[in-house]
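Work through the exercises below with the structure open. Try each task before reading its solution.

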Amino acid sequence: MKHFLTGPAKALAASILDKNLSREHSIGILAHEVNRLYCALIGDKPTPTWDDLPKSIQEGMVRGVIIHLEHVDKDPSFFHDEWMKERLADGWTYGAEKDLEKKTHPCLLPYENLPESQRAKDVIFSSSVRLGGLIFKAA
């Protein structure tokens, strides 16, 4: 069967289905790339590609996938709180701008204090994890 995907979509599909990566790692790539697209659409500061992320951020994303898979019944605020705990434990602080080197992030706030556009990221991440699970069942 000939694949119809080209360019970035083809590369993303190849990385998601890479048998050398864990299911959680592959789903993390998918969730990150969907989030990058959302950020571009709402005019957020560009986010690096998966390969350009620091290893600690990649590992945190994979842990986030695992938490989502273990707690599918939880709401977005639960996942935001888990993400925030991990960032704070890793030395991140609130900052008006996201800066990977300075470890500052404008979303290090209680979920209810986030703007709706940022709350949507938690919903998108959860949906991407569920989608990734479906892709793996079908692959």
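## Exercises on a predicted model

At 21% relative accessibility, Phe 78 counts as partly exposed, because buried means under 20% relative accessible area, exposed over 50%, and partly exposed in between (1.4 Å probe, protein chains only). The model is predicted, so local features need pLDDT of at least 70 and side-chain atom pairs count only at pLDDT 80 or more, while totals for chains, interfaces and linings use all residues. Residues are numbered from 1 along each chain as its sequence is written, and side-chain values use heavy atoms, with hydrogens and water left out.

**Exercise 1. State how many helices and strands the protein chain has, and give their order.**

Step 1. Helices (H or I, at least four residues) and strands (E, at least two) are DSSP runs, numbered from the N terminus.
Step 2. The protein chain has five helices and two strands.
Step 3. Along the sequence they follow the pattern α-α-α-α-β-β-α.

**Exercise 2. Find the aromatic pair and classify it.**

Step 1. Rings of Phe, Tyr and Trp (its six-membered ring) pair if their centres lie within 6.5 Å; planes under 30 degrees apart count as stacked, over 60 as edge-to-face and the rest as tilted.
Step 2. Searching the whole structure gives one aromatic pair.
Step 3. The partners are Phe 78 and Phe 79, with 5.2 Å centre to centre and 80° between the planes, an edge-to-face pair.
Step 4. Phe 79 counts as buried, at 7% relative accessibility.

**Exercise 3. Identify the charged end that sits over the ring of Phe 78.**

Step 1. The test is that NZ of Lys or CZ of Arg is within 6 Å of the ring centre and within 35 degrees of the ring normal.
Step 2. Lys 74 has its charged end over the ring of Phe 78, 5.2 Å from the centre.
Step 3. Arg 87 is placed likewise over the ring of Trp 92, 5.5 Å from the centre.

**Exercise 4. Describe the packing of helices α3 and α4.**

Step 1. Axes are lines fitted to C-alpha atoms, for helices over the stretch in contact, and angles run from 0 to 180 degrees between N-to-C directions.
Step 2. Helix α3 (residues 55–70) packs with helix α4 (residues 76–89) at an angle of about 150°, and their axes are 11 Å apart.
Step 3. With contact meaning heavy atoms within 4.5 Å, Ile 57, Gly 60, Arg 63, Ile 67 and His 68 in α3 meet Phe 78, Phe 79, Glu 82, Glu 86 and Arg 87 in α4.
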